[in-house]
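Below are my notes on the model, as numbered points. Please read them alongside the sequence and the coordinates.

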Amino acid sequence: MSSFNLQSEYKPAGDQPKAIETLVAGLQSNQQKQTLLGVTGSGKTFTMANVIQEIQKPTLVIAHNKTLAAQLAQEFKEFFPDAAVHYFVSYYDYYQPEAYVTASDTYIEKDAQINDEIDRLRHATTQSLLSRDDVIIVASVSCIYGLGSPQEYLDKNLLITVGEKRSKTDIMRKLVDIHFERTTADVTPGSFRSVGNSIDIMPTDSDKIMYSIDIVGGTIDMIRATNPVSGVIVEDMESALIFPAKHFLTNGEKKDRALQLIKDELTHSLKEFEDANKYLEHDRLKRRTEYDIAMIREVGYCSGIENYSRHLSGKGEGEAPDTLLSYFPHDEHGNPEFLTIIDESHVTIPQIRAMYRGDQARKENLVTHGFRLPSAKDNRPLRFEEFEERVGQQIYVSATPSDYEREASETIVEQIIRPTGLLDPIIEQRGVKANTESRYQGQIQDFIAAAEQDIAKGGRVLATTLTKKMAEDLSSYLKDKDIKAEYLHSDVKTMDRIKIISDFRRGEFDILIGVNLLREGLDMPEVTLIGILDADKAGFLRSETSLIQTIGRAARNDRGRVIVYADEMTDALEAAINETHRRRELQEAYNKEHGITPKTIQKTIHDITEKMQSEHVQTVISELETDIAAFSGNIKKLIKYKKRAMNDAVSELDFERAAIVRDQIIELEGRSLEK
C-alpha cells in the first residue's frame, strides 16, 4: 500500500500545530464536519497537508474555480512529490449547454471546445483512483457531474501480457471497443496505429509514454514503453494495462438492454406528444433519438451520449448518477473511505448547492419541447444532500466561513497567527467627492498615482472592479498610459488564467485587474497594494465576506496595504476593516512575545501550464529557436527547408518526426504573419 510522505523544509508553527492536532483528533473520533477558520497567509494548505499525512487517506479537495484548483494542485504536489496529485476540472475551454428559449422559440445546440490536455488529466485522475491509495485530487465542482460508471471503466480495460496468445486483429478490435482511435500518423493520447507486426498505443493519461507491442506468430513477443518523440526505450515491460479512452462506456448485453429501454421510453414519450396534439415536438424527438440509437448501436457512442446515462448505467429513474466521487474508495457497505476538504467553503458550498437547480430548469424545458427524452434529466449534477452522503468526513476551509459551516461543524478551529509574522494589511479609506463617471475617473487617477509608487519599489498591484467590462476598460486605459496591466475574469480560458497569474508574479506586467477572481485563495506574495474601487457599493462583491477576502490578498507581503475608495462607511466595509484590525493586533502581540520580525513570503513561481505542456510541444519550440538562429532569422527560407524535411520524414514512415516538423511549420507561418 502506498503512503503519503509529506516533504517540506518547514515545520508547523504559530496556530498550525494546534489546528492540525484538533482536526486530526476530530477525524479520528469520527466527526463528520469540521471547520478550519484560517486567515490569509496563515498556511492553511500546509496545515491540511499535515492532516493528510496523519490520517493517510485518499483526499478530495474541492475549489470553487479552476485557477484556484490549479494553484492548490501545484502546492500539494510540492508537499507530496511521490503521491498521485491530480487536477480535475471541466475539460471545456468553451461550453454552451444545450438549451431552448421559449420566448423566442430558439433552440441552442450544445457547443463546446474540449481542452485535450485537461481531458488527459481527467483520465489520469480516474486511473490513479482505481489503482493507488496515495491520491490527492484537487477538483472544481465538476466533480459532482455525471462521469460514467467506475466499474464499467475498470472492467473494460485491456491487459496485454508478454507470452499470451493474442492476435493483432484482436488487440485492435478491443482498442476500438474501448474508444481508442486508429491513426496512420502520430499517436496522441487515446489513439493507436498499426505498423507491420507491431501496434503503437498511447494511453489516455499521458502523452510522454507510448506502448509498442510486438506480435510474433499470434503471441505477444515484446512490450516496450518508449518516448513517442525520441523513440528512446524507457522500459521493457511484462504487461501493459490500457484504460478506456472515454468514461461513458457500454457494450454487449448492457448496450442491447440500454437501447431497448431508450426505445421503450421514446415510444411512451411520442404517444404523450401525439395525444396532446404536439406534432412538432413528436417529430423533433423521434428524429433525434432514432439517430442517437443508431449511432450507439453501430459505434457504441454518440454526441450527447451522457443524456442516456441512466439507461446505459442501469440506474433507476431519479437515481443519482456516478460522478468522480464514485471512483474514490468505499468500504464493503458503500461508506466513503476518503477525506473531503472544501476550500473557500463560504463560496464553494453555495456553488455546489446551486448546480442541480439550474441544470434541472434547463433540462425540463428541453424535455417539454421534444428536444430530449425525460431520462435526460437524470444526466445531472448531484443534489446537495446526495453530495453530503457521498463525501464522508469533511473539513471546511475558509477565512470567512458562512453560517452553514459554523452551524454544521462539530469543531471550529481558528488559525489566525501566521508563522511568518506577517500582519494583516493597513487599510486606508479614500473618499471621492463626485458623482457617476467623474467619480470613477477620480478613483482611477488616485489609484494610478498610488500604484506607480509601489511599482517603482518593485511591488505588484491588484485592482478590483464591479464588472468584467470595467476590468477590461481599466486594463486598456492603463496600457494607453504605458502602464503594464492585464485583466482577469471568468471569460478568460482556464490555461490562460493560470499563465496570466504566473506572468504577473514574474513581473511581466505590474497591475492585475479583476472582479471576484482576485479574492479567494490566490497566492501572490508579490502584491504590495490593492485598490478596491467603489468599495461602498452594496452587493455581493462588496459584502463583508468579499471585502475581507480581497483585503487578504495583501497579507502575504510585509509592505501590504489596501486603499478602499468609498464616500460612505457601509456596515460591510466597517465590519471588514474592524475584523482586519482585530487580526492585525493579535499577530502584533504574538510577534512581540516571540521576537518575530515580519518577512514577505518567498514562494517559487510555478506555472502549471508548463507541467501540462506536452513533450511534443516543448520539442517543437526548443528546436525551432535553434533553427531560426541557424537561418539568421530568415523565416521564409526556414519554412521551405522544414517542408522538405517533413516530406522526407513521411517517406521514411517517421511520423513522430513529421508531426514535430509540421507543427514547427505552423508556428513559423504564424510568426511570419505577425511580421
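1. Leaving aside residues up to four places away in sequence, serine 191 touches Phe180, Glu181, Thr183, Asp200, Ile201 and Met202; contact here means heavy atoms within 4.5 Å. Serine 191 sits in strand E11 (residues 191-195). Helices (H or I, at least four residues) and strands (E, at least two) are DSSP runs, numbered from the N terminus. Serine 191 has a relative accessible area of 5% and so is buried; buried means under 20%, exposed over 50%, and partly exposed in between, with a 1.4 Å probe and protein chains only.

2. Basis of the model. This is a predicted model, in which local features need pLDDT of at least 70 and side-chain atom pairs count only at pLDDT 80 or more, while totals for chains, interfaces and linings use all residues. Residues are numbered from 1 along each chain as its sequence is written, and side-chain values use heavy atoms, with hydrogens and water left out.

3. Chain totals. The chain has 675 residues, of which 53% count as buried. Its secondary structure comes to 21 helices and 25 strands. Among contacts with a separation of 6 or more, 74% join residues 24 or more positions apart.

4. H1 against H2. The axes of helix H1 (residues 16-28) and H2 come within 9 Å and cross at roughly 40°. Axes are lines fitted to C-alpha atoms, for helices over the stretch in contact, and angles run from 0 to 180 degrees between N-to-C directions. H1 and H2 are therefore oblique to each other; angles under 35 degrees count as roughly parallel, over 145 as roughly antiparallel, 65 to 115 as roughly perpendicular and the rest as oblique. The crossing of H1 over H2 is right-handed, that is, the near helix is turned clockwise from the far one by less than a right angle, anticlockwise being left-handed. On the H1 side the residues are Gln16, Ala19, Ile20, Leu23, Val24 and Leu27, and they meet Phe46, Thr47, Met48, Asn50, Val51, Glu54 and Ile55 in H2. This contact of H1 with H2 has nine nonpolar, three polar and one charged residue, where Ala, Val, Leu, Ile, Met, Phe, Trp, Tyr, Cys and Pro count as nonpolar, Asp, Glu, Lys and Arg as charged, and the others, Gly among them, as polar.

5. H2 against H3. Helix H2 (residues 44-55) also packs on helix H3 (residues 66-79), at an angle of about 50° and with the axes 11 Å apart. H2 and H3 are therefore oblique to each other, and H2 passes H3 in a right-handed crossing. H2 contributes Thr45, Phe46, Met48, Ala49 and Ile52, and H3 contributes Leu72, Glu75, Phe76 and Phe79. By class, the residues of the contact of H2 with H3 are seven nonpolar, one polar and one charged.

6. H16 against H17. The axes of helix H16 (residues 544-552) and helix H17 (residues 571-594) cross at roughly 45° and come within 8 Å. H16 and H17 are therefore oblique to each other, and H16 passes H17 in a right-handed crossing. The contact joins Glu544, Leu547, Ile548 and Ile551 of H16 to Ala572, Leu573, Ala575, Ala576, Glu579, Thr580 and Arg583 of H17. The classes in this contact of H16 with H17 are seven nonpolar, one polar and three charged. H16 is mostly covered, with seven of its nine residues buried: Ser546, Leu547, Ile548, Gln549, Thr550, Ile551 and Gly552.

7. Which residues of helix H11 (residues 384-391) are buried? They are Phe384, Glu386, Phe387, Glu388 and Val391. The elements that cover the buried residues of H11 include strand E1 (33-38), strand E2 (59-62), strand E17 (339-343), helix H10 (345-368), strand E18 (394-398) and helix H12 (403-408). Just after H11, glycine 392 has a positive phi of about 65°.

8. Aromatic pairs. The whole structure holds nine aromatic pairs; rings of Phe, Tyr and Trp (its six-membered ring) pair if their centres lie within 6.5 Å, and planes under 30 degrees apart count as stacked, over 60 as edge-to-face and the rest as tilted. Tyrosine 396 and tyrosine 404 form an edge-to-face pair, at 6.1 Å centre to centre and 65° between the planes. Tyrosine 396 counts as buried because its relative accessibility is 0%, whereas tyrosine 404, at 21%, is partly exposed. Phe384, Phe387, Tyr396 and Tyr404 make up one aromatic cluster.
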